[in-house]
Amino acid sequence: NSKKILILAGDGIGPEVMGEVKRTLGWFEKRRGSGFETEDGLVGGCSFDKHGVPLTDETMQKAIDADAVLLGAVGGPKWDNLPFKDKPERGLLRLRKDMELFANLRPALVFDALAEASSLKTELVKGLDIMIVRELTGGVYFGSPRGIETLPNGERRGINTQVYTTSEIQRVARVAFELARKRGNKLCSVEKANVMESGVLWREEVQKLGDTEYKDVQLSHMYADNCAMQLVRQPKQFDVIVTDNLFGDLLSDCAAMLTGSLGMLPSASLGAADKGGKRKALYEPVHGSAPDIAGQGKANPLACLLSLSMMLRYSFDQGEDADLLEKAANNVVAKGFRTGDIMAPGCTLVGTKEMGDEILKEL
Ligand code: NAI
Ligand code: MG
């Protein structure tokens, strides 16, 4: 029962960092003697250049059929002036939509050796390890009515609507509760029930799950504005945070900067579980295609490698392998090997490939 992985390296530094992911995946395959069946596909600008669309129906179907999808990054100045429907980002949005990936997992993890790079005081972030679960397919970004209309008095009005149903809240909350069980057993649910009806429903539904299926998980609730404050005041108070699409967008970017570098941040997007418990899943670094350094062999592959680690952990239940890879990344950075984005005085500057070499040595 080999596992099918679709690899979509994308544009810019995507293929560079994905090269190191493939080498590392090869190492794990050899070690376990078990099969990963990998296939490469195109997404973003490279797909537009070859096929005239940022994602073909064929590749979309392969993503749906795969056990997991690994994505590099899409976009770049070459494609900036294309019409909206052809833009590289549309390929990524279609993947998320057609795979129905409703739960976006954004860890904010600080390697000890990098704690000084944080925008906060070192002691506030040293050892930080939190996970934000953002609802990804509902809420105000998708709710209707939406649009811009002209009122009788000639004024114009822009409308978006925050909508959540019980099932949308429950399914993302379940993902978060399950994650909490595998981590510190603590979940903080974030909304603004004080001023939003959808927030009232959100809080009620999450609490119901906490009172029934997940009594063992320590559940708390927090207003989103307070959560933003707490994230920069005392981030280590959190373990898993679950929140809606809009608040999750803001809070995950805020939490990301606690860690200091975009080149270190992985993510996962998960869909519904099938009968066997398997979820559709897409793993990708948080960073983009970094056109300013693309093609120079300078990109930090760690965000993409940590995304691979999330894949091993969440799609394939290979938690030990994930731990091993994360430890290797930690050690390599602790030994002072640094790409330009995380470079510090006294450290050894390495490129993408050398960083990959060091990870393999460490493994
Ligand atoms: P970006 O994340 O590509 O780059 C921002 C800055 O961080 C740049 O200075 C870049 O050199 C640096 N950086 C990013 N990843 C790095 C890595 N792994 N190692 C070392 N340095 C790294 O964001 P930007 O510049 O706003 O967007 C560039 C392009 O990427 C645009 O076309 C944008 O639309 C696209 N993009 C794609 C995303 C995706 O595929 N998920 C996400 C964000 C942007
Ligand atoms: Mg954002």
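Reader: Why is Gly351 called buried?

Author: Gly351 has a relative accessible area of 12%, and buried means under 20%, with exposed over 50% and partly exposed in between (1.4 Å probe, protein chains only); Gly351 is therefore buried. The model is predicted, so local features need pLDDT of at least 70 and side-chain atom pairs pLDDT 80 or more, while totals for chains, interfaces and linings use all residues. Residues are numbered from 1 along each chain as its sequence is written, chains are lettered from A and ligands numbered from 1 in the order in which they are written, and side-chain values use heavy atoms, without hydrogens and water.

Reader: What makes the place of Gly351 a loop?

Author: Helices (H or I, at least four residues) and strands (E, at least two) are DSSP runs, numbered from the N terminus. Gly351 lies between two such elements, β14 (348-349) and α12 (352-362). Leaving aside neighbours within four places in sequence, Gly351 is in contact (heavy atoms within 4.5 Å) with Gly297 and Thr339.

Reader: How do you know whether Ser267 is buried or exposed?

Author: The relative accessibility of Ser267 is 5%, so by the cut-off already given Ser267 counts as buried. Ser267 is placed in strand β11 (residues 266-273). Beyond four places in sequence, its contacts include Asn104, Arg106, Tyr283 and Met310.

Reader: What makes the pair formed by Ser267 and Glu284 a polar contact?

Author: A polar contact is a pair of N or O atoms within 3.5 Å; within protein, one must be able to donate a hydrogen and the other to accept it, and residues adjacent in sequence count only if both atoms are side-chain atoms. A polar side-chain atom of Ser267 lies 2.8 Å from the backbone oxygen of Glu284, so the pair meets the distance limit.

Reader: Why is strand β8 described as largely enclosed?

Author: Strand β8 (residues 186-191) has six residues, and five of them are buried, so the rest of the structure largely encloses the strand.

Reader: How do you know that β8 pairs with β9?

Author: Two strands pair if DSSP finds at least two bridges between them. Six bridges join β8 to β9 (residues 218-223), so the two strands pair, and they run parallel. Within this pairing, Cys188 has Ser220 in β9 as its bridge partner.
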